[in-house]
Amino acid sequence: MKISIIGGTGYVGLVTGAGLAAHGNEVICADIDKKKINDLNNNILPVYEKGLDSLLQQAKQKGRILFTNCIETAVKASEIIILAVGTPQNKFGDTDLAQLIRASKSIAYHLNGYKIIAVKSTVPVGTCQMIELFIKDNLKNDKVSFDIVSNPEFLREGNAVEDFMCPDRIVIGANSNKPAETMKKLYSTFNSPIVLTDIRSSEMIKYACNSYLATRISFINEIANICEKVDADINSVIEGMKYDKRIGGHYLSPGPGFGGPCLTKDLKSLIGFGHKSNANVNMLKAVLKRNEIQINSIIEYVNSQFIGLSNKTIAVLGLSFKAGTNDTRNSPSLQLIKKAIKAKYSVKVYDPVVKEIDEPLNSEVFFAENIEEVSENADCLVIMTEWDEFRHINLELIYKLMKTPIIVDTRNILPASKVKEAGFTYKGIGIRSNNYESISDSMMQII
Ligand code: UGA
């Protein structure tokens with residue numbers, strides 16, 4: 001099928017474009033960002049995403065993908081127009097629909113025959129119908145017809161290609177048969193269940209999923225905190241929970257709080273439009289609040305190690321909001337760095353992929369080349385991102401390099417008892433801080 005993607009240089013747009021091309025479609029990725037389009041035409045990717053490069057190369061070699069600034073060409077050439085523009089949060093915490101409206105205006109202007117307009121951007125319930133009316137009102141040629149569908153994405157950064165190619169499910173929200181059948185045809189080559197529903201329910205599914213994932217993370221962070229207070233071990237607790245088929249083990253890793261461009265934004269948006277619709281959103285608010293306090297507990301622990309002392313250096317391992325991406329938007333690591341600078345620590349950072357961050361933080365931290373350099377003369381090493389490289393740090397060497405041997409492992413990726421044996425003060429999340437051997441290291445058994 002002939003597909004165009006507006007917002008085709010973002011990570012959702014690009015992965016969708018490359019994925020649909022791999023399934024035999026002819027795809028045009030269109031974007032008003034000239035630099036990104038130029039870069040893509042020169043094989044430079046705007047995002048770091050595992051597997052995306054080779055998928056795009058294959059699509060290019062087969063002539064199935066094009067990149068253009070010309071929205072007109074994209075709109076006119078396609079049967080299905082996918083809207084994958086950003087819907088960031090505005091300063092009031094609501095969803096900013098400006099890019100979506102701008103893109104819809106261009107579509108309305110260039111529409112030259114019947115097309116399906118599929119909204120992949122995450123939008124509050126009711127937005128697709130609002131866009132439908134907006135396009136109708138702005139059609140240059142009011143004889144052409146179109147249908148709007150909702151087609152939310154469930155791509156995780158760092159796993160987006162796999163998530164696209166082997167989705168757990170595909171959700172299509174349509175209010176009539178014709179567009180529903182066409183969308184089913186588009187996805188007929190995927191070996192995944194298709195959930196076909198009305199447009200509003202489809203929009204809501206996306207929010208329900210992201211909020212549920214956020215809820216699990218806030219839940220396990222709270223349980224981890226209680227574990228610390230009552231001398232229990234979170235790793236053992238999770239082991240004991242995850243075999244329960246009703247619970248499972250996903251999204252139960254305690255950490256520095258959920259970050260990234262999606263979970264917090266979508267949770268806030270859901271709270272906002274839920275509240276405006278007179279729904280009770282108290283539990284969702286608590287999930288958000290729990291996440292906000294998580295980072296405070298980490299800096300408070302660091303402070304507790306240096307009461308009355310000054311000129312201390314914190315070494316931060318990891319800048320991206322999670323492993324597998326170079327995305328630092330809403331990253332817990334940057335939140336920690338801000339708090340550390342405010343508390344007058346010197347801050348050194350190392351990330352295997354991220355080599356600069358937004359100002360003013362960028363000029364206030366020292367970028368180290370590797371784990372050894374970041375550890376040198378540091379008083380506290382804080383692991384913020386679960387990069388594999390950090391799981392294999394040379395404890396003996398780091399011990400010699402650091403000024404004060406304190407490790408704060410906000411991802412619980414190091415074996416607590418080994419770190420303690422190596423002479424460090426070790427703090428994990430929900431891990432015993434006393435001298436018990438960690439059950440998860442030595443005593444816990446699954447027989
Ligand atoms: C999330 C959803 O998982 C995707 O399904 C969705 O499509 C995407 O948002 C989106 O709306 O576009 P993403 O933000 O890429 O994907 O990242 P996740 O892997 O879900 O992680 C989010 C945050 O939660 C990260 O900071 C991660 O470190 C944290 N996390 C995740 C935990 O602290 N514990 C966990 O057990 C899992």
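Colleague: Asp379 and Lys312, are both buried or exposed?

Modeller: This is a predicted model, to begin with. In the model both Asp379 and Lys312 are buried.

Colleague: What do the two form, and how far apart are the closest N and O atoms?

Modeller: Asp379 and Lys312 form a salt bridge, and the closest N and O atoms are 3.8 Å apart. Asp379 is in the loop between α15 (371-375) and β12 (380-383), and Lys312 is in the loop between α12 (282-305) and β9 (313-317), so the bridge ties together parts that are 67 residues apart in sequence.

Colleague: How many salt bridges does the structure hold?

Modeller: The structure holds 18 salt bridges. Glu157, Asp327 and Arg329 are linked in a network of them.

Colleague: What about Lys76, which residue does it form a salt bridge with?

Modeller: With Glu72; the closest N and O atoms are 2.7 Å apart. Lys76 and Glu72 are separated by about one helical turn, because they are four residues apart in helix α4 (residues 71-77).

Colleague: And are those two buried or partly exposed?

Modeller: Lys76 is partly exposed, at a relative accessible area of 37%. Glu72 is partly exposed too, at 33%.

Colleague: Where do Lys136 and Glu132 lie?

Modeller: Both are in helix α6 (residues 127-138), four residues apart, which is about one turn of the helix. Lys136 forms a salt bridge with Glu132, with 3.5 Å between the closest N and O atoms. Lys136 has a relative accessible area of 45%, so it is partly exposed.

Colleague: How far is Ala378 from Lys50?

Modeller: Ala378 and Lys50 are 32 Å apart, C-alpha to C-alpha, and 328 residues apart in sequence.

Colleague: Backbone next. What is phi of Asn377?

Modeller: Phi of Asn377 is near 60°, a positive value in a residue other than glycine. Most residues other than glycine have a negative phi. Asn377 lies in the loop between α15 and β12, and at 47% relative accessibility it counts as partly exposed.

Colleague: Which other residue has a positive phi although it is not a glycine?

Modeller: Asn330 is one, with phi at about 50°. Asn330 is in the loop between β9 and α13 (332-342). Its relative accessibility is 32%, so Asn330 counts as partly exposed.

Colleague: Where is there a cis peptide bond?

Modeller: A cis bond joins Glu359 and Pro360, with omega about 5°. Most peptide bonds are trans. Pro360 is found in the loop between β10 (346-350) and α14.

Colleague: Glu359 is part of which surface patch?

Modeller: A negative one, formed by Glu356, Asp358, Glu359 and Glu364. Of these, Glu364 is in helix α14 (residues 361-364). Glu364 has a relative accessibility of 41%, so it counts as partly exposed.

Colleague: Last one: where is Asp94, and what is it in contact with?

Modeller: Asp94 sits in the loop between β4 (80-83) and α5 (98-110). Leaving aside neighbours within four places in sequence, Asp94 is in contact with Pro88, Gln89 and Lys276. Asp94 is partly exposed, at a relative accessible area of 27%.

Colleague: And how far is Asp94 from Asp266?

Modeller: The C-alpha atoms of Asp94 and Asp266 are 9.2 Å apart in space, though the residues are 172 apart in sequence.

How values were computed: Residues are numbered from 1 along each chain as its sequence is written. This is a predicted model: local features need pLDDT of at least 70, side-chain atom pairs count only at pLDDT 80 or more; totals for chains, interfaces and linings use all residues. Side-chain values use heavy atoms; hydrogens and water are left out. Patches are made of residues with over 30% relative accessible area and no salt bridge: like charges are joined within 9 Å, nonpolar side chains (Val, Leu, Ile, Met, Phe, Trp, Tyr) within 5 Å. Accessible areas come from the Shrake-Rupley method with a 1.4 Å probe; for residues, only the protein chains shown count as cover. A salt bridge is a side-chain nitrogen of Lys or Arg within 4 Å of a carboxyl oxygen of Asp or Glu. Lys and Arg count as positive and Asp and Glu as negative; His and the chain ends are not counted. The place of a charge is taken as NZ of Lys, CZ of Arg, CG of Asp or CD of Glu. Helices (H or I, at least four residues) and strands (E, at least two) are DSSP runs, numbered from the N terminus. Buried means under 20% relative accessible area, exposed over 50%, partly exposed in between (1.4 Å probe, protein chains only). Contact means heavy atoms within 4.5 Å.
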